[in-house]
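This report concerns the nonpolar cores and the aromatic pairs of one protein model.

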Amino acid sequence: MTDSSKDDSSAQNPDLAVSPDMLKDFASEQCLLKECISEQNTQSWQRLRRAATSSSPWTNPVYADWSVLRYVGGLDLSCPKDDQKRACAALVVTELPSLKVVYKDFITDRVNVPYVPGYLGAREYPLMGRVLERMRKQCPEQFKPQVLLVDGNGILHPRGCGSACHVGVKEKMPCVGVAKNFYRLPKWEASFEDNIRAVRLSKNSGKPVYVSVGSNIDLDTAVWVVKLCSKYRIPEPIRQADLYSRRIIASGGTILGDGTDCGGGVTDLPSCVGEPEEPNHKDTIHRY
């Protein structure tokens with residue numbers, strides 16, 4: 001989620017205040033989803049990749065990385081700084097090895113769950129799920145993503161179920177959490193370090209990103225995917241989705257009075273190629 005506000009959203013929007021019962025329900029859902037998270041590779045492209053790296057180096061160009069994995073999706077959700085009830089969920093699909101954007105779409109609507117650290121999935125997934133559902137219906141079959149990257153954490157989470165886990169479990173797709181900031185969890189245990197990798201993706205950036213499993217993928221493969229589709233600090237599918245959602249928000253992306261979504265389609269805006277490495281903002285919220 002993109003937001004430059006340091007204040008709690010429920011303070012800015014009293015009508016979005018969260019109740020203890022609501023938090024209890026969210027936590028219960030996270031515990032149920034956690035039981036469904038898979039940290040194993042199940043897709044053919046994942047098995048091919050593991051076979052390639054477990055044997056001698058493959059020199060035949062037919063076994064290039066991008067022949068194993070071709071399309072990677074990025075998900076991001078943005079809100080105006082002064083209105084946490086209005087959001088834009090953006091999906092961008094990039095093609096390897098060029099990282100060219102081959103599909104993108106967005107949905108704008110109102111969100112009814114406030115921003116509360118530790119419960120981002122409950123706030124963000126409903127809108128993200130809708131843009132993914134539309135992708136399944138209207139995206140050309142050859143461009144459908146084989147894996148999704150989410151701007152947020154996966155199993156590095158107080159209850160082991162961050163926003164990327166919501167997406168991975170509910171969509172039954174390989175999903176990876178990529179967070180810009182690292183937050184040491186309460187009751188930190190050394191074993192948590194097995195669930196996350198700090199990865200520096202650009203030689204020009206001194207800051208790493210933090211990769212964790214969402215679902216249906218192992219951590220080594222998740223890190224491989226993130227590296228494969230990066231040329232700046234932020235993996236390109238997420239960077240493009242972030243820029244795209246910001247453009248929609250900045251343009252006042254239409255929200256109908258009845259709360260119905262108003263989507264963007266595949267070709268309504270050009271690819272954000274050539275933009276700065278990172279958007280000009282402070283990402284100050286906890287992405288889990």
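The text below treats the cores, then the aromatic rings.

The model is predicted: local features need pLDDT of at least 70, side-chain atom pairs count only at pLDDT 80 or more, and totals for chains, interfaces and linings use all residues. Residues are numbered from 1 along each chain as its sequence is written, and side-chain values use heavy atoms, without hydrogens and water.

A nonpolar core is a set of buried Ala, Val, Leu, Ile, Met, Phe, Trp, Tyr and Cys residues joined through side-chain atoms within 4.5 Å; buried means under 20% relative accessible area, exposed over 50%, and partly exposed in between (1.4 Å probe, protein chains only). The largest such core holds 31 residues, of which Val176, Val211 and Val225 touch the most other members. At least two residues each come from β4 (147-151), α6 (163-171), β5 (175-179), β7 (209-215) and α7 (219-228), and α7 gives the most, with 6 residues. Helices (H or I, at least four residues) and strands (E, at least two) are DSSP runs, numbered from the N terminus. Apart from this core lies another, of 25 residues, including Val93 and Met173.

The structure holds 5 aromatic pairs, in which ring centres of Phe, Tyr or Trp (its six-membered ring) lie within 6.5 Å; planes under 30 degrees apart count as stacked, over 60 as edge-to-face and the rest as tilted.

Tyr71 in β1 and Phe143 in the loop between α5 and β4 are 72 residues apart. Phe106 in β3 and Tyr244 in α8 are 138 residues apart.
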